[in-house]
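Visitor: I'd like to talk through this model with you. Could you start with the terms we'll need?

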Amino acid sequence: MISRAKIFLIVLTVSFITMNTTVTALSHTVPGKEAVLKQADQWVQQLSQASEFKTWQNATLTVFPLGPGTHSWMVVVENKNEQTGYLIVHATSEGNLQLGEYGFGAYISQTGASSQASKVSLLYNHPFSAVAIHQSRVYDMFLLEELPFDLEQFNKKFKKKSGFINSYASLDVMPQQLEESYASLPFDPYEKITWLTSEPLTVKHTNHSDWDDADLYSLAIALQNAVHQKLEPRFITEQYNNEVMFVWSVIGYHKWDQQLYIQLHSSGTEPVDRFIPFSLLIESGKFYF
C-alpha cells in the first residue's frame, strides 16, 4: 500500500480527479482565495486556544481548491515548516464560507516532496466519501485503507450526484467562537462491537425525517454525556452503497457558538483525529455505546 506520507504530503502538488458531476449553482459570487484564507485564519486563531491545537499558534496557512466546480478548499496548517493539520472549507449557496471539518494526525507532519505527487488524485465529496486515487487504486483519504473497488468501478458506481453545497446546506450559520473543548483518551473501537450488540443512540422519533431541533439537542447532549462518562461511543457509517463500513472512536467534541463538532479518532498505523459537525454525522451514520 502507498504510504500515508506519500499520499498526504502530496497535497502541495496533488492533482484533483475530475468526474461528471451535477453541481448546484451558487446564488452569490463564490468567495475568492483571499476570503477563504482570511476566514480560515480566524478559525485557526480560535482553535489554537484548545490544548490539542497548540501547534496551530502562529501557524502559516496555504489554500488549495478541491477540484473545479466544487466551491471547496483544503487549508493546510503549517508551523515551523511542519504540517500540523488541515481545514476543509465550503462555500454555501448564499456565498458564505462554512467550516466543513478540521483535524490533525501523524500523517500531516511528514515533510518533503514525493515522486508520487503527480500520480495521486484527491476527491472530497463529503466526510465519508473522500478518496485518494493512485494508479487506479482507491483509498480512503483519511484512513488510507484501500477500498474494495478500482477507479473504473468507482467512476461507474459512485459518481457524485450533488455538489458540496447540498451536503452542507444544513450548516447555514458559520461558527465564530470556540466556547468549549473536551477530549478523553483514545480507545480501540473494536474491543467491543457495540454496533452488533446494542441499539444505536436515538430519540423519541426513530424516523430521521421526523426529527426536530429538540430531538437533535437531546441526541447531542446524550452523546456529550457519554463522552464525559467514558462510555466509549462509536460512530458507524456505511458508504458506497453499503459496501464499506467505517468505525470511528468518539473521544471528544468542540462546542462553537453555532455548531457542535464531534472528535472522531482512529489509531490505525498512524493516528488521525477529525472534527466533523454533529448535524452531518447523524445524517451519515449512527452512534453506539
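Guide: Contact here means heavy atoms within 4.5 Å. This is a predicted model, in which local features need pLDDT of at least 70 and side-chain atom pairs count only at pLDDT 80 or more, while totals for chains, interfaces and linings use all residues. Residues are numbered from 1 along each chain as its sequence is written, and side-chain values use heavy atoms, with hydrogens and water left out.

Visitor: Okay, which residues is N79 in contact with, leaving aside neighbours within four places in sequence?

Guide: With those neighbours set aside, N79 is in contact with T55, Q57 and T84. Its side chain also reaches the backbone oxygen of Q57 at 3.0 Å.

Visitor: And is N79 buried or exposed?

Guide: N79 counts as buried because its relative accessible area is 18%, where buried means under 20%, exposed over 50% and partly exposed in between, using a 1.4 Å probe and protein chains only.

Visitor: Where does N79 sit?

Guide: N79 lies in strand β3, residues 72–79, strands being DSSP runs of E with at least two residues, numbered from the N terminus.

Visitor: Switching topic, how many residues has the largest nonpolar core?

Guide: That core has 34 residues, and Y240, I262, L264, F278 and F287 have the most contacts inside it. Such a core is a set of buried Ala, Val, Leu, Ile, Met, Phe, Trp, Tyr and Cys residues joined through side-chain atoms within 4.5 Å. Strand β12 supplies the largest share, five residues.

Visitor: What does I262 touch?

Guide: Beyond neighbours within four places in sequence, the contacts of I262 include L223, V250, Y253, F275 and L281.

Note on methods: Helix = DSSP H or I, 4+ residues; strand = E, 2+ residues; numbered from the N terminus. Polar contact = N/O pair within 3.5 Å; in protein donor to acceptor, adjacent residues only side chain to side chain.
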